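Please find below a colleague's note on this structure, written for someone who has not looked at it before. The sequence and the model come first, and the comments come after.

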Amino acid sequence: MSAHWDKHNTWEDAEKSWDVRSSELEQSHPIRQLVKIPKLPGIRPKTKKHLRWKAMNYLAKYDEEKFFIKYFFSNPIKHGFNLIRSYLTPLPFTRDDDFFFYGLKNEQEFRDMLAKKNSKLVIGFSYCHKPFECPSGRFTQECAHETDNPVCGQCFIGKCVHSLPTKQVLPVFITTVHQIGEVIVKEVKKHPKLEITYIITACEMTLQMFGDWANMMNVRGLGVRLDGQICNTMKAFVASEHGIKPGMAVVLDNTKTRILDLIKFRREANI
Ligand code: SF4
């Protein structure tokens, strides 16, 4: 973390040198890119039906160690109340373009959280937007973000990890919703004096399906919508949760800029 950024005096210098190298690598070591962003609905109309029920069913069915069930019953009144309150809203988030806020009204409120000395940021990247040539493999919870690797040098995840501050920040490379859910619950339990918040990249369907569970945990944060070859049916979603994801999801360019602005903001908050 921070390796590339720490070699430079200012954010602007670090970003410029990253981008120049990335453009050079695009010529010398081209990797597979999405040539055209397909126009797909975030969730297919048929899939939208009873989506909350499908989400609950999915979480329970694949909860192999009964982690979520145990968590729910660790405080059933509080968790039940939070869950029902979330179910009573039409959507579990407030949306601003590709940013989906959970328990927060807008970006300013999220920035206020990022600036808090007693906050810890979990930043999770879905494996669906790792490059096909990723040296750590796509369906893994690893990211080597090697300084000299020509693939990492063109990877948006690599750029984010190299720009992140190290203190009270935890990068996570997400393979399944159960994994990221467990990470967040464990962080909340491990740091009772810190407020845990998150930035998580995921398809719109995932952001909608599991938002109620984030609200149940009462952990406030930000989901970032992926575009490109996304999962917008249950069948595609379940396959991708088992590592079958032939397509490439992407963070759109203006959304990349927004994420990097937030990382810059957190870095400059000097926590
Ligand atoms: S930065 Fe991480 S995710 Fe990106 S190519 Fe390198 S190892 Fe893979």
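1. Basis of the note. The model is predicted, and for that reason local features are taken only at pLDDT of at least 70 and side-chain atom pairs only at pLDDT 80 or more, while totals for chains, interfaces and linings use all residues. Residue numbers start from 1 along each chain as its sequence is written.

2. Strand pairing around S3. Helices (H or I, at least four residues) and strands (E, at least two) are DSSP runs, numbered from the N terminus, and two strands are said to pair if DSSP finds at least two bridges between them. Strand S3, residues 119-126, runs parallel to strand S4, residues 169-174, and six bridges join them; in this pairing Ile123 stands opposite Pro171 of S4. On the way from S3 to S4 the chain passes through helix H7, residues 156-163, in a β-α-β crossover that is right-handed, a term used when, with the strands pointing away from the viewer, the path from the first strand over the helix to the second runs clockwise. S3 also pairs with S5, again in the parallel sense and over six bridges, with Lys120 opposite Ile196 of S5.

3. From S5 to S6. Strand S5 is joined by four bridges to strand S6, residues 221-225, and the two run parallel. Here Ala202 has Arg225 in S6 as its bridge partner. As a general point, the side chains of a regular strand alternate between the two faces of the sheet.

4. Burial of S5 and H7. A residue is called buried if 20 or more other C-beta atoms lie within 10 Å of its own, exposed if 12 or fewer, and partly exposed in between, with C-beta atoms placed from the backbone. By this count seven of the eight residues of S5 are buried, so the strand is mostly covered. In H7 eight of the eight residues are buried, so this helix is largely enclosed by the rest of the structure; among them are Lys159 and His162. The cover over the buried residues of H7 includes helix H1 (11-28), S3, S4 and H12, where contact is taken as C-beta atoms, placed from the backbone, within 7 Å.

5. The largest nonpolar core. Which residues touch the most other members of this core? They are Tyr198 and Ile199, out of 54 residues in the core, a nonpolar core being a set of buried Ala, Val, Leu, Ile, Met, Phe, Trp, Tyr and Cys residues joined through C-beta atoms within 7 Å. Strand S5, residues 195-202, gives the most to this core, with five residues. Leaving aside residues up to four places away in sequence, Ile199 touches Leu121, Ile123, Gly221, Leu222, Val224, Ile259 and Leu262.

6. The ligand shell. There are 14 residues around the ligand, of which Cys134, Cys143, Cys152, Cys155 and Gly158 come nearest; a residue is near a molecule if its C-beta atom, placed from the backbone, lies within 6 Å of it. The shell divides into nine nonpolar, four polar and one charged residue. In this division Ala, Val, Leu, Ile, Met, Phe, Trp, Tyr, Cys and Pro count as nonpolar, Asp, Glu, Lys and Arg as charged, and the others, Gly among them, as polar.

7. Two histidines to check. Most residues other than glycine have a negative phi. His50, although not a glycine, has a positive phi of about 55°; it sits in the loop between helix H2 (45-48) and H3, and is exposed because 10 other C-beta atoms lie within 10 Å. His145 likewise is not a glycine and has a positive phi of about 30°, but its place is the loop between S3 and H7, and it counts as buried because it has 23 C-beta neighbours inside 10 Å.

8. Two further helix residues. Asn254 belongs to helix H12, residues 253-268, and counts as exposed because it has 9 C-beta neighbours inside 10 Å. Phe237, in helix H11, residues 234-241, is buried because 21 other C-beta atoms lie within 10 Å. Not counting residues up to four places away in sequence, Phe237 touches Met205, Thr206 and Cys231.

Key
Two residues are in contact if their C-beta atoms, placed from the backbone, lie within 7 Å.
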